[in-house]
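Good morning, and thank you for coming. Please look at the sequence and the structure while I take you through a few places in the chain.

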Amino acid sequence: MYRFTSLTSIVLISAAAFAPISNSHAQNFPTRPIRWIVPVPAGATTDIVTRLVAQKMGENWGQQVIVDNRAGGAMIIGTDTVAKATPDGYTVGTLLTPTIVNPFVLKNLPYDTLKDLTPVSLMVMVPGVMTMFPGVPANNLKEVIALAKAKPGALNYGSPGPLTSGHLSMEMLKITAGINMTHIPYKGGAPAIADLIAGQIQFLISGPPGVLPHINSKRLKAIATTAAKRSPGLPDTPTFAESGLPGFDTYEWYGVFAPGHMPKDVLNKLSREIARIVNLPDMSEKLSVQGAIPVGNTSAEFTAFVKKEMDTWGKVAQQVGLKPD
């Protein structure tokens, strides 16, 4: 991740630290269906990944795991549903980068991000790929940057939505390269990709699955990938770092959160199960099709990760005045 000065005023404390420890909870958990909130529409990559994991969890635990899509409101609707649920392990949610950016750009959130949500486990990370309408007179990132500097504000870039990783990664590019482009937010990746193919916008950073077929058919041009290492699905596409921006390392991530003040034993059981599932050989293969790299970690490890993400993206949000368009 491209690093900025740490926001020392932000201190993330896992709510699990305040929860009483009771061995009795996890021994029988779960004894009834689990509701898994997803704050995006059905069919999105986040939704697909969640359903793959939820199915495995249900099969192993012998209880139904019901995926409940609660889209809208910069993912606040789904996040609030998780935050307001009873902290017993029977409601969890897959949350994304906007969850940790919203506190920096929105006032009067209906929940306290630091107190009302417990990080459970980081499921996967999805490196982004910057794609371009082929009619743009550039062939690599250096030429894109030169073109943007020659025409400040004249080039448009789309995103799957405000404060998504695609939006934030482009804002990071603008800061690090010293360029100016105009953001055009969409409600999901599909309409953004359609307008990119049509030339209505010039650039887009998104997960690989939605754009790979169009890259292969030459309807779109892959410029660079955002993570530190090249994407397995795009071995011939250089990274941003290789293209002249050392240290650039961004990605979309899907993490499982529970309400605040979770019983520690139930929290740990959930964390272990998610880590086990995402690292199964057959699951790793299915996740790779979605451009996702499996992680699976403990609540403490995920909490530390979230803190670093808040440090990084909070600084970006404040520096460029990001708002949920």
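Predicted model: local features only at pLDDT ≥ 70, side-chain atom pairs only at ≥ 80, totals over all residues.

H261 counts as partly exposed, at 46% relative accessibility, because that value falls between the 20% and 50% limits. You will find H261 in the loop between strand 10 (251-259) and helix 9. Its backbone deserves attention: H261 has a positive phi of about 60 degrees, although it is not a glycine.

A second residue with a positive phi is K218, at about 70 degrees, and K218 is not a glycine either. K218 sits in the loop between helix 8 (208-216) and strand 9 (221-225). Is K218 buried or exposed? With a relative accessible area of 68%, K218 is exposed, because the value is over 50%.

One further backbone detail belongs here. The peptide bond from F29 to P30 is cis, its omega being near 0 degrees. P30 is part of the loop between helix 1 (23-28) and strand 1 (34-38).

Let me turn to the salt bridges. How many salt bridges does the structure hold? There are 10, and I shall describe some of them.

Consider R51 and D47, whose side chains meet in a salt bridge at 2.9 Å, N to O. Both residues belong to helix 2 (residues 45-61), where they are 4 residues apart, about one turn of the helix. D47 is buried, at 3% relative accessibility, whereas R51 is partly exposed, at 36%.

Helix 9 (residues 264-278) contains both E273 and R276, 3 residues apart, again about one turn of the helix. These two residues form a salt bridge, with their closest N and O atoms 3.0 Å apart. Here E273 counts as buried, at 5% relative accessibility, and R276 as partly exposed, at 36%.

The next pair is D311 and K307 in helix 11 (residues 299-320), with a spacing of 4 residues, about one turn of the helix. In their salt bridge the closest N and O atoms are 3.3 Å apart. D311 has a relative accessibility of 10% and counts as buried, while K307, at 28%, counts as partly exposed.

Salt bridges can also join into a network, and R35, D68 and R70 are linked in this way.

Helix 4 (residues 98-105) packs against helix 11 at an angle of about 45 degrees, and their axes are 9 Å apart. The two helices are therefore oblique to each other. Which residues make the contact? From helix 4 they are I100, V101, F104 and V105, and from helix 11 they are V306, E309, M310, W313, G314, A317 and Q318. Sorted by class, this contact of helix 4 with helix 11 has 8 nonpolar, 2 polar and 1 charged residues. As for handedness, helix 4 passes helix 11 in a right-handed crossing.

G321 is partly exposed, with a relative accessible area of 43%.

The contact involves V49, L52, V53 and K56 of helix 2, together with D282, M283, K286 and L287 of helix 10. By class, the contact of helix 2 with helix 10 has 5 nonpolar, no polar and 3 charged residues. Helix 2 passes helix 10 in a right-handed crossing.

My last stop is A148, in helix 5 (residues 141-150). Is A148 buried or exposed? A148 is buried, with a relative accessible area of 1%. What does A148 touch, if residues up to four places away in sequence are not counted? The answer is L155, I179, N180 and M181. Of these, N180 is 32 residues from A148 in sequence, yet their C-alpha atoms are 6.6 Å apart in space.

Thank you for your attention.

Notes
Residues numbered from 1 in each chain as written. Heavy atoms only, no water. Salt bridge = Lys/Arg side-chain N within 4 Å of Asp/Glu carboxyl O. Buried < 20%, exposed > 50% of the residue type's maximum accessible area, 1.4 Å probe, protein only. Axes fitted to C-alpha atoms, helices over the stretch in contact; angles between N-to-C directions. Parallel < 35°, antiparallel > 145°, perpendicular 65-115°, else oblique. Left-handed = near helix turned anticlockwise from the far one by under 90°. Contact = heavy atoms within 4.5 Å. Nonpolar A, V, L, I, M, F, W, Y, C, P; charged D, E, K, R; others polar.
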